[in-house]
Amino acid sequence: MTITSDASSTIPNGPYFLSSIGALYQPYRLYTDFAGAFTQPLIPGSDGSYAALPAAIPGIESPTIGVPSRLYYTRTISKPLAGVRLGVKDIYDIAGVKTSNGNRAVYGFYPPGTKNSVPVQRLIDAGAIIVGKMKTSQFANGELATADWVDYHSPFNPRGDGYQDPSSSSSGPGAGAATYPWLDLTLGSDTGGSIRGPSQVQGLFGNRPSHGLVELTGVMPLAPELDTAGFLCRDPTIWKAAGIALYANLPFHNQYPQKIQTLNFPTTATDEASSLILSFLFHLQSFLNATKTTALNLTTSWTASKPASAPASLFSLLNITYPILISKEQTRLVRDPFFAAYAAVHDGRKPFVDPAPLVRWGFGDSYPDSALQEAQNNKTVFMDWFNSNILPNNSQTCSESLLLYSAGLGVQYRNKYNPPPTVPFGFSTGRISVFSEVPDVVVPIRQASYQSNITQHMELLPVTVDLLAAKGCDGM
């Protein structure tokens with residue numbers, strides 16, 4: 001990048017190259033993306049748009065990522081992310097750059113974006129430095145490594161034996177944040193667990209925010225009723241600063257709830273992971289001066305206090321709610337316009353799509369359009385009940401209590417031959433925040449060992465705990 005100045009201007013700190021004619025150039029340090037986390041390395045242009053980095057260093061099927069020195073930037077109140085190196089999931093529009101949505105045909109068909117998506121622009125305004133776009137499972141649908149990923153190869157999870165599934169759909173942001181010390185922050189999305197899953201299996205701070213905290217104009221939708229923008233990060237200080245920048249006018253609270261609820265938590269330390277989880281709970285109780293810790297049973301609570309007209313079980317209410325919402329909405333908003341435009345210029349042909357999105361879209365096609373409204377109603381029934389009875393707001397502490405759960409020690413080998421992808425039926429702990437619109441944050445606590453069938457040694461995987469609070473209490 002060329003630096004222009006006159007006698008009255010101040011040149012920022014940092015290394016420079018000086019040409020024979022006196023021009024200053026900012027050098028970029030180049031790294032190889034050996035984890036396969038990125039789709040495109042980027043550099044900023046003088047007009048506010050971005051372009052592909054025109055440089056490469058040795059690496060097998062690895063893009064070269066360039067990063068500027070952090071010495072050029074000073075963080076201020078108006079630029080809290082100055083110099084923070086940011087990777088962006090490839091469903092967010094960036095000016096001058098094509099968006100793939102994890103699909104080769106989409107990348108080849110549509111022109112580069114003309115403006116930044118709202119979340120990306122807010123982070124740029126706060127000083128973040130975009131270094132590249134990062135891999136997503138196709139159309140942000142859940143996919144398992146390796147067989148489900150056809151158009152692009154799934155990124156590598158650096159934890160454990162190095163051959164664990166990175167989870168999805170924010171697979172690139174998760175793998176990149178976990179692998180590269182030169183990458184400070186990644187922007188992902190979470191509809192049904194797409195930030196939380198990669199954060200859990202790779203030991204990162206990650207958040208699904210309260211729904212609706214930031215406008216998603218310029219972001220590929222899966223289901224607008226469920227879609228959220230959030231981060232994957234190693235440093236909680238950067239994580240907090242990024243949240244303040246992205247979620248404008250987020251209120252912060254200096255008093256904390258003294259009530260804790262746990263869901264499917266271990267009661268005794270039967271193994272290394274459960275011992276770590278219980279230790280975290282003990283220290284959280286001490287920090288909060290918790291007066292009450294309750295093991296929540298959602299089934300019992302629903303039976304005791306559900307709306308009179310609601311089904312007897314949460315399973316009956318929500319079993320097909322999630323797959324109907326994502327399939328009906330994405331076929332309407334993404335698939336149908338893409339297929340029609342593609343066919344119009346390719347003699348009626350259809351583009352290739354990975355198996356997982358096709359299975360989900362086909363499921364939605366088998367239901368009448370009225371099923372979408374029913375699914376939306378069912379989501380609202382659960383949200384209203386949960387936010388009134390389980391995690392209500394509090395005028396002093398924002399949230400009446402905190403709800404904790406853990407994904408446990410997830411061992412999922414990427415070299416395993418899995419059955420074909422299926423429709424994501426059911427209701428699970430991870431879907432609570434999806435339907436209730438409350439914040440759900442992943443906190444890495446420590447590591448626990450497991451016997452790897454790859455290395456034939458004991459290896460370490462992250463142990464994390466998720467914390468839920470009342471809607472709008474992201475700033476606790």
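Select Tyr-72 to begin: its relative accessibility of 8% makes it buried, where buried means under 20% relative accessible area, exposed over 50% and partly exposed in between, using a 1.4 Å probe and protein chains only. Before moving on, note that this is a predicted model, in which local features need pLDDT of at least 70, side-chain atom pairs count only at pLDDT 80 or more, and totals for chains, interfaces and linings use all residues. Residues are numbered from 1 along each chain as its sequence is written, and side-chain values use heavy atoms, with hydrogens and water left out.

**Stop 1: aromatic rings**

Searching the whole structure gives 27 aromatic pairs. To pair, rings of Phe, Tyr and Trp (its six-membered ring) need centres within 6.5 Å; planes under 30 degrees apart count as stacked, over 60 as edge-to-face and the rest as tilted. The ring centres of Tyr-16 and Tyr-72 are 5.4 Å apart with planes at 50 degrees, so this pair is tilted. The two residues are 56 apart in the chain: Tyr-16 belongs to the loop between β1 (2–3) and β2 (17–18), and Tyr-72 to the loop between β7 and β8 (85–89). Helices (H or I, at least four residues) and strands (E, at least two) are DSSP runs, numbered from the N terminus.

Which arrangement do the rings of Phe-109 and Tyr-110 adopt? Select both: their centres are 5.0 Å apart and their planes stand at 85 degrees, so the pair is edge-to-face. Colour by accessibility and you will find Phe-109 partly exposed at 23%, with Tyr-110 also partly exposed, at 32%. Now widen the selection to Phe-139, Phe-338, Phe-339, Tyr-342 and Trp-361, which form one aromatic cluster with Phe-109 and Tyr-110.

**Stop 2: charges over rings**

Next, pick Lys-98 and Tyr-107: the charged end of Lys-98 sits over the Tyr-107 ring, 5.3 Å from its centre. The criterion is that NZ of Lys or CZ of Arg is within 6 Å of the ring centre and within 35 degrees of the ring normal. Then go to Phe-156, where Arg-414 lies over the face of the ring at 3.9 Å from the centre.

**Stop 3: a glycine in a strand**

Show strand β7 (residues 64–68) and click on Gly-66 within it. Is Gly-66 buried or exposed? Gly-66 counts as buried, because its relative accessibility is 2%. Leaving aside residues up to four places away in sequence, Gly-66 touches Tyr-28, Arg-29, Leu-30, Leu-53 and Val-131; contact here means heavy atoms within 4.5 Å.

**Stop 4: two crossing helices**

Display helix α2 (residues 118–125) with helix α5 (residues 236–246); their axes come within 9 Å and cross at roughly 115 degrees. Axes are lines fitted to C-alpha atoms, for helices over the stretch in contact, with angles from 0 to 180 degrees between N-to-C directions. Show side chains and you will see Pro-119, Arg-122 and Leu-123 of α2 meeting Ala-242, Ala-245 and Leu-246 of α5. This contact divides into five nonpolar residues, no polar ones and one charged; Ala, Val, Leu, Ile, Met, Phe, Trp, Tyr, Cys and Pro count as nonpolar, Asp, Glu, Lys and Arg as charged, and the others, Gly among them, as polar.

Follow the chain to Ala-128, in the loop between α2 and β9 (129–134). Ala-128 is buried, with 5% relative accessible area. Beyond residues up to four places away in sequence, Ala-128 touches Leu-81, Val-84, Leu-86 and Leu-123.

**Stop 5: backbone angles**

Most residues other than glycine have a negative phi, and most peptide bonds are trans. Go to Ala-145 and Thr-146, joined by a cis peptide bond with omega about 10 degrees. Thr-146 lies in the loop between β9 and α3 (171–179). The bond from Ser-168 to Ser-169 is cis as well, with omega near 10 degrees, and Ser-169 is in the loop between β9 and α3.

For positive phi, select Glu-61, a residue other than glycine with phi near 50 degrees. Glu-61 sits in the loop between β6 (50–52) and β7 and is exposed at 80% relative accessible area. Finish at Asn-289, where phi is positive at about 50 degrees. Asn-289 is in the loop between α6 (272–288) and β14 (292–295) and is exposed, at 54%.
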